[in-house]
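Please look over the sequence and the model shown below.

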Amino acid sequence: MTALFVSDLHIDAERPHVLQGLKCLVEREAPSADALYILGDLVEVWIGDDDDSEIAQAVREALSRAARLCPLRIMHGNRDFLFGQRFARDVGGELIDDPHVAEIDGQRVLLTHGDALCTADTAYQLARRLFRSEAWQQDILGKSLEERRELARQMREESKRANANKAQNIMDVTPGEVVALMQRMGCTTLIHGHTHRPGVSDVPLGDTTGTRYVLGDWDRCGWFIRFCGTPELKCFPL
Ligand SMILES: [Mn+2]
């Protein structure tokens, strides 16, 4: 079995080369894959499944194409937590929970976007709880597309301002949270994104050692993991 993983593409109208890179990856890798997992932050912002903008439509088309080549599973990130069932139906994919355990070649592989592991950032964790709440999301989705576009713009500025003043280690995962989650879910392999710090590292899990694979964000190059027997972290120029 071959599974592909990507995250943090942050697709938006200003960076068409990223969407183009996804299309290339899909054509190259998906025909021989048994699943494509998108682990959050596929897009820079998602204002609702009724978004009729050109870029939203282009994203739907790219994912529809992917889903025709192999099963497509989509996890929410902290930018696209408003992906709903309608979007999943539109593209022919399936929304999966965060965290999620995938069975790949008999291995239990733990998948998460990664933001829930960044517990040192208490202000962010508070905001996350709000954004993920049903009540807040229903309130937002009740607004017009124009209002939601403006709100998204404000939230982006707010987040940039807040993050500019945060220490780097606060925006990374808390090592103890990684260990706790892997032990709780009974997995020795973890794949996540969000931190934009691609790499592979050991995780001490009592009497065994686990492995954490971190996907990178897409900018000059596109990051993905091809899992066939073992996960391989790869990048290609965009
Ligand atoms: Mn993220």
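In which loop is D219 found? D219 sits in the loop between strand 9 (208–214) and strand 10 (221–228); strands (E, at least two residues) and helices (H or I, at least four residues) are DSSP runs, numbered from the N terminus. The model is predicted: local features need pLDDT of at least 70, side-chain atom pairs count only at pLDDT 80 or more, and totals for chains, interfaces and linings use all residues. Residues are numbered from 1 along each chain as its sequence is written.

D219 and D8 are 211 residues apart in sequence, with their C-alpha atoms 9.6 Å apart.

Five strands form an open sheet of mixed pairing in the order 5-6-7-9-8, where two strands pair if DSSP finds at least two bridges between them. Strand 5 (100–104) and strand 8 stand at the edges with a single partner strand each, so one side of each has no neighbour in the sheet. Strand 5 pairs with strand 6 (residues 107–112) in the antiparallel sense over five bridges; the bridge partner of I104 in strand 6 is Q107.

D202 belongs to strand 8 (residues 199–205). D202 counts as exposed because it has 9 C-beta neighbours inside 10 Å. Leaving aside neighbours within four places in sequence, D202 is in contact with T209 and T211, contact meaning C-beta atoms, placed from the backbone, within 7 Å.

Definitions and conventions
Buried ≥ 20, exposed ≤ 12 C-beta atoms within 10 Å, placed from the backbone. Contact = placed C-beta atoms within 7 Å.
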